[in-house]
Each structure stands twice: as structure tokens, then as C-alpha cells.
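Take a look at the structure below. This report walks through a few of its features, one at a time.

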Amino acid sequence: MVLEAMMRIPVKLIRLALYGLLLLSVTEVLVYISGLKSGSRPTYQPNWDSLDSRPLPEWYDEAKFGIFIHWGVYSVPSFGSEWFWWNWQGQHSLSYESFMRANYRPGFTYADFAPDFTAEFFDPKHWANVIAASGAKYAVLTSKHHEGYTMWPSKFAWNWNAKDVGAGRDLLGDLAKAIRKTHVRFGLYFSLLEWFNPHYLVDKKNNFKTTQFVDLVMTPQLSEIVNNYHPEVIWADGEWDAPSSYWNSTHFLAWLYNDSPVKDTVVTNDRWGNDARCHHGGYLTCDDRFNPGGVITSKWENCMTIDKLSWGYRRDATLGDYFTIEELIATLIQTVSYGGNLLMNIGPTHDGRIAPIFEERLRDIGKWLSVNGEAVYSTRTWSPQNDTAGKDVWYTSKRESSHTNVYATILTWPKKNVLPLDGVRFRDVKAIEMLGAAEEIRWTEREPKGITVKLPSFNPAEVPCQWAWVLKITVPLQK
């Protein structure tokens with residue numbers, strides 16, 4: 001009877017078990033067999049219609065703000081971007097080739113950078129404290145970028161992981177432990193492809209009709225990070241060469257949602273195949289720095305980086321290459337006003353430091369959120385999302401038991417302290433206050449619609465915060 005039931009297990013799952021990839025443990029196989037005998041099926045089937053029906057865990061939409069961390073061997077040359085290896089030896093970029101000729105011996109390979117990925121100053125407790133101080137509710141570390149170097153001691157990346165070469169430690173595991181001692185949820189970025197992995201190149205040459213790389217490298221590594229580190233975000237990337245059927249994405253996600261250790265809380269993005277991006281998955285990222293320009297029906301995320309030109313650390317960056325705190329707060333509130341989450345990236349150094357400019361930006365945004373977080377966390381969109389009368393004013397809202405709070409975030413302080421607003425009706429406004437301030441706020445009716453708000457005149461010591469200010473407007477309960 002057991003043998004007969006096993007014959008009915010999908011061939012792809014049997015192949016994974018034969019490779020010892022741990023996607024199906026013995027217990028899970030027996031559970032599957034039991035399900036076959038009883039006629040039941042897992043909640044989510046390995047197809048997009050079923051997977052897309054899974055409700056997004058509530059915590060993610062409530063969080064609104066996360067920190068992305070791009071860290072790997074590319075942090076050693078720290079030149080150009082995290083695509084250093086591809087730009088140098090894949091695209092043969094003249095600037096990268098010139099950089100190598102000027103600074104490294106003939107015959108130097110990309111793998112020769114790895115021993116210098118030393119992380120001697122890496123203090124996971126400090127990193128966790130900085131991330132928590134930013135006000136972020138989740139953090140996403142690059143467990144493996146397109147170079148294939150893993151930040152954990154993967155059994156499927158021999159001598160190309162942080163334990164075997166470079167830092168000599170489980171960087172991923174150390175950071176996960178530290179972050180989990182804060183209020184921040186821990187997540188992992190994972191590149192599906194590896195530019196120069198021989199197995200991947202074989203599959204690519206075969207037009208992805210073979211699955212050597214998926215079976216021998218990608219799937220077992222995904223199983224390792226889920227089973228060993230329990231990430232609550234899995235941020236896939238590097239999918240663009242092939243469809244989700246090659247990557248076996250739907251089978252992995254069905255296991256993740258049905259049987260994995262994080263099945264109840266994990267969230268995933270949309271980068272699971274060149275047929276999936278911006279169409280399928282837990283939430284949409286579409287392209288880097290994605291902003292739909294309005295409210296859309298699907299949950300989405302704007303992943304962006306404080307360094308305008310790179311996700312990884314760059315030694316050649318100038319001050320003008322970094323977004324200012326004003327620009328970052330504007331990006332955060334505009335993203336949340338349209339219903340998205342913001343995932344803001346930093347790139348640490350090869351020796352394990354968060355550069356002072358990144359730390360300053362994170363701590364500053366945390367200071368702002370400590371006063372104005374009520375206008376960000378757990379909010380919903382408002383119509384309109386930005387005001388047509390008031391300059392640089394963006395709205396969010398929050399429904400309470402007896403009323404609705406509308407938050408108007410002011411990015412530019414108005415002249416003469418007078419702010420026209422069309423986003424609320426005069427007859428609906430019951431009260432207005434400025435977050436962090438005790439001063440009374442007065443308003444009058446504005447024709448043909450809206451209100452005119454008289455903002456307080458602060459002296460420098462009384463200003464509740466810098467960079468942007470929030471009016472909390474009480475209106476009747478909205479449906």
C-alpha cells in the first residue's frame with residue numbers, strides 16, 4: 001500500500017528526495033501519503049492560481065518599512081556595483097577591466113577576492129541595534145547574490161561560502177540571532193541564478209530544458225535557509241533568464257506555504273520566473289524602485305537604495321551619490337500613501353562595518369518615525385493620496401472604533417504658516433493636531449472645497465521634528 005501511494009507522488013518530488021535535498025523529509029512524505037489515502041490535498045497546490053489565493057500575512061502590510069542589506073564578495077573590490085563580476089568578466093566593461101589592470105596582478109580572478117571578505121569588524125548586535133533604531137519592522141539580508149557566494153555554511157557551495165573562505169563564520173546565522181532579539185522580523189534575499197556556476201551554464205546552454213542547477217544547487221540551498229534559519233521574508237531575484245517552471249518555483253512555494261517551519265508567517269515577492277514578475281507571488285516588486293503612481297489592487301513594495309548608483313558598498317561614492325534624509329522620508333511617505341512598503345537598502349563594507357553615512361540616515365529616519373510613526377505603521381490609503389491644493393502633502397489613514405484618522409504629511413512647510421488642503425471636507429473635520437506638538441491647530445472652510453489650516457509658529461526648540469510634519473485630522477468613521 002505504501003509503495004502504491006509513493007508511485008503517485010509527483011516525479012519532481014521524488015527526484016528532489018533522491019537528491020537528498022530535504023524539501024521533503026521522511027515525515028513529510030508520510031504525511032503526503034496519508035493525504036493521498038484519505039483523499040485530502042494540501043491547502044495550496046503548485047500552480048499560480050492556488051498560490052496567489054493565499055492571504056498575505058497581516059504583519060507585512062502593517063510593517064510598511066524594512067531595511068535591505070547587500071553584502072558579499074563584491075564588497076571587497078567595492079567598485080561600481082554589486083554586479084562587479086558580471087560587469088568585469090561577463091560584459092567586459094572597459095571601466096572594470098581598467099580598474100583591475102590598474103589595481104590587481106595579471107591572472108587575478110574574482111574568487112581571489114573572497115579571502116579578503118574578512119568581516120573582522122562585524123558586530124551583529126550593533127547592526128541589529130542600528131536597524132531597530134531606524135524604525136524598520138523587518139530586515140532582509142542577501143543570503144546569496146548572483147555571484148553564488150553564500151553567507152551561511154551551505155553544503156551545496158563548497159569553498160564558496162562565508163564559513164569556508166573569507167570571514168570564517170556563519171554571518172547569516174549570527175545576524176539572524178541578533179535581529180531576533182529586537183522587534184524586527186528577519187528575512188532573506190536569495191538569487192535563483194548564479195552567473196558562472198557550471199551547472200547553471202549547462203542548463204542555459206540547453207535552453208533550460210535540463211535542471212541540473214535547480215536540482216543540485218538552488219533547491220537544496222533554499223531548503224537549507226528555510227529549515228535552518230526560518231526567514232519570514234524570502235525575497236527571490238535573478239529569475240529573468242527562465243520561466244518559473246524551470247526554477248520549480250510553484251512546487252517550492254507550495255511546500256513553503258503548506259509544510260515549512262514558517263508556513264504561517266512567511267511572505268514572498270514576485271521574482272520567481274520571467275513569467276511571474278509583477279504577476280504572481282505574495283506581493284509585487286516588479287522593478288527596482290517600483291512606484292505604480294497610484295493605488296493598485298495588489299500589495300507592492302518599493303525596494304530602493306540609499307546610494308543612488310549601487311546596492312553594494314562603493315569606495316568611490318561621493319556625498320552627492322546618497323539620498324538626503326528629506327528625500328528618503330519623502331520616498332517613504334509617498335510609497336505608503338500609495339499602499340506600498342518601502343525596503344531601503346544599505347551596503348556594508350567587506351570588513352563588516354555599516355558606513356557612518358548609512359547609519360546616520362537610518363537613525364535619522366528612526367527619529368522621524370518615533371514622532372510620526374502613527375502616520376505610517378498599520379495605515380491604509382486615503383483618497384486622494386496627495387493634495388492638489390497643498391504643496392507636497394501626502395495622505396494616509398487609520399480607522400478607529402468611532403472615527404477615522406486622516407494623516408496629512410507635509411514635506412514642505414508652507415509660507416506664512418498657512419496650508420490649504422483639498423483632501424478633506426470642512427464639514428467632516430472634527431479635530432486637528434500636529435503629531436509631537438501641543439499647540440492648538442485652527443482651520444477654516446476653504447472654497448470651493450476643503451479647509452485652510454493655520455499652522456503654529458514654532459521657535460527652533462519647540463519644533464516636534466525635522467524634515468516633514470504630520471497633521472492628524474479626525475473625521476467621521478469611513479466605510
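## A residue to begin with

Leaving aside its neighbours within four places in sequence, Glu97 is in contact with Trp88 and His92. Glu97 is found in helix H7, which covers residues 94-103. How far apart in space are Glu97 and Asn197, C-alpha to C-alpha? They are 21 Å apart, and 100 residues separate them in sequence.

Keep in mind that this is a predicted model.

## The whole protein

The protein has 15 helices and 14 strands. Its radius of gyration is 25 Å, close to the 23 Å that the globule rule gives for 479 residues, so the protein is as compact as a globular protein of that length. Along the principal axes, the C-alpha atoms fill a box of roughly 75 × 65 × 40 Å.

Buried residues make up 57% of the 479 residues. Now take the contacts between residues at least 6 apart in sequence. Of these, 71% join residues at least 24 apart.

## Surface and charge

The protein exposes about 20,600 Å². Carbon and sulfur atoms supply 53% of that area. There are 49 positive and 53 negative charges, and their mean positions are 3 Å apart.

Lys205 gives an example of an exposed residue. It sits in helix H10 (residues 198-205). Its relative accessibility is 76%, so Lys205 counts as exposed. The C-alpha atoms of Lys205 and Arg54 are separated by 35 Å, and the two residues are 151 apart along the chain.

## Two enclosed helices

Is helix H9 (residues 171-179) largely enclosed or largely open? Seven of its nine residues are buried, so H9 is largely enclosed by the rest of the structure. Those buried residues are Leu171, Leu172, Gly173, Leu175, Ala176, Ala178 and Ile179. They pack against strands S1 (65-69), S2 (138-144) and S3 (185-191). They also pack against helices H8 (124-133) and H11 (212-229).

Helix H8 has buried residues too: Pro124, Trp127, Ala128, Val130, Ile131 and Ala132. What covers them? The cover includes S1, S2, H9 and helix H15 (356-372). After H8 comes Gly135, with a positive phi near 90°.

## Aromatic pairs

A pair of aromatic rings is described by the distance of the centres and the angle of the planes. A search of the whole structure finds 48 aromatic pairs. Tyr246 and Trp247 form one of them, with ring centres 4.8 Å apart and planes at 70°, so this pair is edge-to-face. Tyr246 has a relative accessible area of 2%, so it is buried. Trp247 is at 1%, so it counts as buried.

Tyr338 and Trp394 have ring centres 5.4 Å apart and planes at 90°, so this pair is edge-to-face. The pair links distant parts of the chain, 56 residues apart. Tyr338 lies in the loop between helix H14 (325-337) and strand S7 (340-346). Trp394 lies in strand S8 (residues 393-399). Both Tyr338 and Trp394 are buried.

## Backbone exceptions

Most residues other than glycine have a negative phi, and most peptide bonds are trans. Pro384 is found in the loop between H15 and S8. The bond from Glu447 to Pro448 is cis, with omega near 5°. Pro448 belongs to the loop between strand S12 (442-445) and strand S13 (451-454).

Now for phi. Asn159 is not a glycine, but its phi is positive, about 60°. It lies in the loop between S2 and H9. Its relative accessible area is 38%, so Asn159 is partly exposed. His230 is another residue other than glycine with a positive phi, near 50°. It is in the loop between H11 and strand S4 (233-237). With a relative accessible area of 36%, His230 is partly exposed.

Definitions and conventions: Residues numbered from 1 in each chain as written. Predicted model: local features only at pLDDT ≥ 70, side-chain atom pairs only at ≥ 80, totals over all residues. Heavy atoms only, no water. Helix = DSSP H or I, 4+ residues; strand = E, 2+ residues; numbered from the N terminus. Rg over C-alpha atoms; globule rule 2.2 N^0.38 Å. Buried < 20%, exposed > 50% of the residue type's maximum accessible area, 1.4 Å probe, protein only. Contact = heavy atoms within 4.5 Å. Areas by Shrake-Rupley, 256 points an atom, 1.4 Å probe, with all protein chains shown as cover. Lys, Arg positive; Asp, Glu negative; His and termini not counted. Charge placed at Lys NZ, Arg CZ, Asp CG, Glu CD. Phe/Tyr/Trp six-rings, centres within 6.5 Å; stacked < 30°, edge-to-face > 60°.
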